[in-house]
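I opened this notebook to keep track of what I looked up, entry by entry.

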Amino acid sequence: MATGRLGLGETLGALNAALGQGGPLWFKETRARHLRARDFLAPRRALQARFGDQQVPEPVVTAVAGLQGPGVAPVLRCAPTPAGLALQLRRPAVFERVLSSVAAYAAPAAYAAPGPHVVLHCAALRSAPCTLRLSQLRAVLVADHLARALRARGVTVRLVPAARDPHMRTFLQQLRVEWPAASKRAATEAMRSRALAEHTSAHDGEVLPPGILGRVCLKELVEKQGRSAGYDPNLDSCLVTEDLLSLLAELQEAVQNWPEDSSSGVAGTPDPGTDSCIVVHVVSCEEEFQQQKLDLLWCKLDDQAPLRQKHLVCGPVKVAGGPGTLTAPEYYELRLAQVCKASALKHGGDLAQDPAWTEIFGILSVATIKFEMLSTAPQSQLLLTLADSSVSTKGTKSGTFVMYNCARLATLFESYNHSMEQGLYPTFPPVSSLDFSLLQDEHPPLPGHAEPDSSPGLHSPGAPHHCTHGDGLQVPGAAQHGFQLVLQPCTHLRGAPTTPLWSDVCTPAASAGRA
């Protein structure tokens, strides 16, 4: 048996290489109705663009079917279909490879070299929490989620700006957002001198409003460096303030000085080059125009500004059945009140006064908010429903529904572990004793395809309706939770609990060893 960790990236890379030069064509199938026949698909239109109207050459299909390599999943078959070139894996072999080295898959991915340096700038955090709009809250949560995801992949991340407003720090703590608190303000003298010089040469004698240090022309920079692509054509100039210079100085310091655990290895030393640093500005759609000004102003006043600056613009957030001026703190308090109300209806009493429940309600409210804000692509418009029904566990789209079912699954696993400790389930046999070649038939995943259980008394009036698969998986009917699969043991005459699932994959010797 081959060893080594299987990887989706390695498999897709080998599949695309087998089709010859060009962009990637294959994608991993995720839709349940297609997974019965294929695991990967190269769409027909993409293949026609690559090979013309003719069929994919037979040698190419043969090469894909015989694909092997480090990290590449074993292939069962590859054949042309009306949808394109479909590929199915040898799933029993995949199960065996994965279950034989579970620890390798559970361990965090190791990275051979340190990842790049990324500065994440969230413009919304310059606002006071009482004025934070829902679209700005979305940008904050996207930035926090992106920082966690990048760090999990070995990327060194710095977050800007620091949260100096104590009310903002409190609100971020409520949201379970990890963001740096107030830090020492970076020096702005150099940028102020540069800004005044740019202003003096271009707008000498201009009368400026109070609090404005100068006006800096930006259009010339856009035209000179060919930056017009992606920038608003109305960009002309920028009014420079002390707050703006302070933010630019903070960005400059974040780019040029990295903490001790970065790849430079020495605290406070400049990075070998700002070209190796990427700056990502996470902004709401309302802040996009001002952020473009800030981007260009930084390049204008700092010759060492990073060349790679990207803007992640979050789409608008619309509210259905509620005021359009709802602020982020008001939205949090609304969701918190709804979670408390739903819990009181279920458990009774005023649980909101119990400190133990208060923490739980806060976690559930934040989880609901994050699910609602992050379940849609950041660039797309987001529609929020504020009615009490939006936190119901009956639907399939609310954050509360997802959190509730996650809790149900956690309870199920905890109950299973407790049953294992009591000896109600047999010990899982060694993987080497399992015959994975017997895993051929797949049972339908939906209740509608299951056969009714004929157990006496199960369908009596008032009893919940179940459907039972041949492998012991019981699917609760619509009166309960249609999305939950419950693995229940089948007790035999001798009282030894087991499940028919064991007999599907265990060799006779392994089964006898458990008897």
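Predicted model: local features only at pLDDT ≥ 70, side-chain atom pairs only at ≥ 80, totals over all residues.

Residues are numbered from 1 along each chain as its sequence is written, and side-chain values use heavy atoms, with hydrogens and water left out.

Entry on cysteines. I looked for disulfides (pairs of cysteine sulfur atoms within 2.5 Å) and the count came to zero. For Cys122 the closest cysteine sulfur is that of Cys314, at 7.9 Å, which is too far for a bond.

Entry on helices (DSSP runs of H or I, at least four residues, numbered from the N terminus). I found that α11 (residues 242-256) and α12 (residues 288-301) pack at an angle of about 70°, their axes 11 Å apart, the axes being lines fitted to C-alpha atoms over the stretch in contact, with angles running from 0 to 180 degrees between N-to-C directions. The two are therefore roughly perpendicular, a term for angles of 65 to 115 degrees.

Entry on aromatic pairs. I counted three, taking rings of Phe, Tyr and Trp (its six-membered ring) with centres within 6.5 Å, where planes under 30 degrees apart are stacked, over 60 edge-to-face and the rest tilted. Phe171 and Tyr332 form an edge-to-face pair, 6.4 Å centre to centre with 90° between the planes. Phe171 lies in helix α8 and Tyr332 in helix α13, 161 residues apart.

Methods. Parallel < 35°, antiparallel > 145°, perpendicular 65-115°, else oblique.
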